[in-house]
Amino acid sequence: MVPMSEWTLQEEWQLEEINAARAALLLAREIAYPQLDIAYHLSLLAELAEEAGDQVNIEDGIIEQGEQLASFLFNILAFEGDQLDYYNPRNSFLNDVLEKRTGLPISLSVIYIDIANRLGLPAYGIGLPGHFIVGLRDGNESHWLDPYHGGRWLTLNDCAELIQVAVGYEGPLDASWFLPASSREILIRMMHNLRAAYVHKQWWDKAAAVIKQLRLVEPQTAEHLRDLGLIYYRQQSLPKAAYFLNEYLAQAPNATDATMIRQGMRDALDGWAPLN
């Protein structure tokens with residue numbers, strides 16, 4: 001068994017069943033905290049689960065237990081959504097969220113789900129457009145709660161409102177949005193959030209580092225080549241920009257933004273490489 005100190009995100013990705021919390025911590029170590037002690041932070045989650053066990057009555061129903069866990073995390077321990085500095089990259093790093101007890105919807109959901117599963121509760125992630133929530137199965141019924149807003153229970157109308165606020169969508173809800181998100185889907189969404197946070201702050205080197213990790217787990221996604229090319233273009237690193245944008249156009253010649261890239265950047269990049 002490889003020691004946790006030597007375990008990599010790529011090795012985690014190769015597992016048949018990855019652990020979302022562990023993968024999130026490996027991402028944090030890969031991008032921002034090279035000395036991060038993964039085992040220690042996993043032990044913190046185990047300790048939280050042990051403390052939560054004193055607050056959750058296993059003789060109660062699933063929904064009651066889920067509510068008791070939410071009360072423990074979001075009332076007693078005061079985990080909460082970061083509404084003051086939403087785009088702070090620390091909100092995407094599970095070690096930081098465990099320390100400062102504020103984070104994004106998805107990072108708070110990962111903590112809730114990890115602890116719930118340790119307690120035997122059937123909790124899972126739900127990747128609504130623009131907002132991540134938690135689902136709890138109770139027999140044939142599913143119930144939803146929102147860790148970002150204090151662990152409150154959600155109706156369909158509440159979910160529609162969250163989506164509308166996040167992305168402006170006001171149409172009918174798609175049933176597929178409420179399907180359980182796999183650990184792989186959760187990790188990829190966390191990586192996209194982190195990339196967006198770095199782009200928002202114009203921390204281009206960090207954004208590029210995240211996209212390089214995305215390329216390792218999604219090698220067939222041509223958009224990662226484009227995004228790297230655009231970042232290098234912003235940094236005036238034209239040889240690298242030309243290489244990645246050229247590769248993007250080669251893999252996705254009919255992409256909706258292909259013409260814009262060919263025409264809008266041709267003058268700047270002509271000296272480095274032909275654009276397809």
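The following questions and answers set computed values of this predicted model against the definitions behind them.

Residues are numbered from 1 along each chain as its sequence is written. In this predicted model, local features need pLDDT of at least 70, side-chain atom pairs count only at pLDDT 80 or more, and totals for chains, interfaces and linings use all residues, while side-chain values use heavy atoms, with hydrogens and water left out.

Q: Why is Ser 109 called buried?
A: A residue is buried under 20% relative accessible area, exposed over 50% and partly exposed in between, with a 1.4 Å probe and protein chains only. Ser 109 has a relative accessible area of 0%, and therefore counts as buried. Ser 109 lies in helix α6, residues 105–118; helices are DSSP runs of H or I with at least four residues, strands are runs of E with at least two, and both are numbered from the N terminus.

Q: Which residues is Ser 109 in contact with, leaving aside its neighbours within four places in sequence?
A: They are Phe 132, Ile 133, Val 134 and Pro 147. Contact means heavy atoms within 4.5 Å.

Q: How do you know that the span of helix α8 agrees with its number of residues?
A: The expected span is 1.5 Å times one less than the number of residues. For the 19 residues of α8 (residues 183–201) this gives 27 Å, and the end C-alpha atoms are 27 Å apart, so the two values agree.

Q: What do the buried residues of α8 pack against?
A: Their partners are α1 (9–13), α2 (20–31), α6, β4 (131–138), α9 (204–217) and α10 (223–234). Among the buried residues of α8 are Ile 186, Met 190, Leu 194 and Tyr 198.

Q: What makes up the packing of α6 with α8?
A: Ile 106, Ser 107 and Val 110 in α6 meet Ile 186, Arg 189, Met 190 and Asn 193 in α8. By class, this contact has four nonpolar, two polar and one charged residues. Ala, Val, Leu, Ile, Met, Phe, Trp, Tyr, Cys and Pro count as nonpolar, Asp, Glu, Lys and Arg as charged, and the others, Gly among them, as polar.

Q: Which residues touch the most other members of the largest nonpolar core?
A: In this core of 78 residues, they are Leu 69, Leu 73, Phe 79, Tyr 112 and Ile 115. The largest share of the core, nine residues, comes from α2. A nonpolar core is a set of buried Ala, Val, Leu, Ile, Met, Phe, Trp, Tyr and Cys residues joined through side-chain atoms within 4.5 Å. Leaving aside neighbours within four places in sequence, Leu 73 is in contact with Ala 78, Phe 79, Tyr 112 and Ile 115.

Q: Why is Gln 202 called partly exposed?
A: With a relative accessible area of 48%, Gln 202 is neither buried nor exposed, and is therefore partly exposed. Gln 202 is in the loop between α8 and α9, and its phi is near 60°, a positive value in a residue other than glycine.
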